[in-house]
Amino acid sequence: MMRTTKKISFWGIATILMFWACNQPNENTPATNTAQKVKRYGSITGLKPEKIAAYKKLHAAAWPGVLKKITECNIHNYSIYLKEIEGKPYLFSYFEYTGKDFDADMKKMAADTTTQRWWKETAPMQIPLPDAAAKGETWSSMEEVFHQN
């Protein structure tokens, strides 16, 4: 009987420790507690067909300074997808924001000289949708209609 109790205690503790260890945030995981809420953003823009290869190449070797600034501005899980629709290429962007002041963080990013140089490379490759172009922007915001963790 004593061996069974020790086995249960060991496996019970091991299970608790494994669960705890697997659920600890690390430097690459945004906090999801109530103090730091995640807000998800999706956006879309067009891409010039003749710039597809250059756009992919540029993003395959994204500049470290740009990546650092993205993280400093509380953006995580940032992805860009390419999709052709009716013969035209479009880019879909998704990211999660964990900061407290989105507008301030976006101003901080826009003020960064490395990011400004990056945008000078990427902006001429893109074709803003009419709603974004009317506001002088490149990416059109999208409405989230479903999410499941």
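This is a predicted model: local features need pLDDT of at least 70, side-chain atom pairs count only at pLDDT 80 or more; totals for chains, interfaces and linings use all residues.

Which residues of α4 meet which residues of α5? I looked: M109, A110 and A111 in α4 meet T113, T115, Q116 and W119 in α5, where contact means heavy atoms within 4.5 Å. The residues of this contact divide into four nonpolar, three polar and no charged. (Ala, Val, Leu, Ile, Met, Phe, Trp, Tyr, Cys and Pro count as nonpolar, Asp, Glu, Lys and Arg as charged, and the others, Gly among them, as polar.)

Numbering starts from 1 along each chain as its sequence is written, and side-chain values use heavy atoms, with hydrogens and water left out.

Next I checked the geometry. α4 (residues 102-111) and α5 (residues 113-122) pack at about 75°, with axes 5 Å apart; axes are lines fitted to C-alpha atoms over the stretch in contact, and angles run from 0 to 180 degrees between N-to-C directions. The two are therefore roughly perpendicular (65 to 115 degrees).

For the overall layout, I find six helices and five strands, which are DSSP runs (helices H or I, at least four residues; strands E, at least two). From the N terminus the order is α-β-α-α-β-β-α-α-β-α-β.

N74 is not a glycine, yet its phi is positive, about 65°; N74 sits in the loop between α3 and β2. E86 also has a positive phi, near 50°, and lies in the loop between β2 and β3. E86 is exposed at 80% relative accessible area (exposed means over 50%, with a 1.4 Å probe and protein chains only).

Note on methods:
Angles under 35 degrees count as roughly parallel, over 145 as roughly antiparallel, 65 to 115 as roughly perpendicular and the rest as oblique. Buried means under 20% relative accessible area, exposed over 50%, partly exposed in between (1.4 Å probe, protein chains only).
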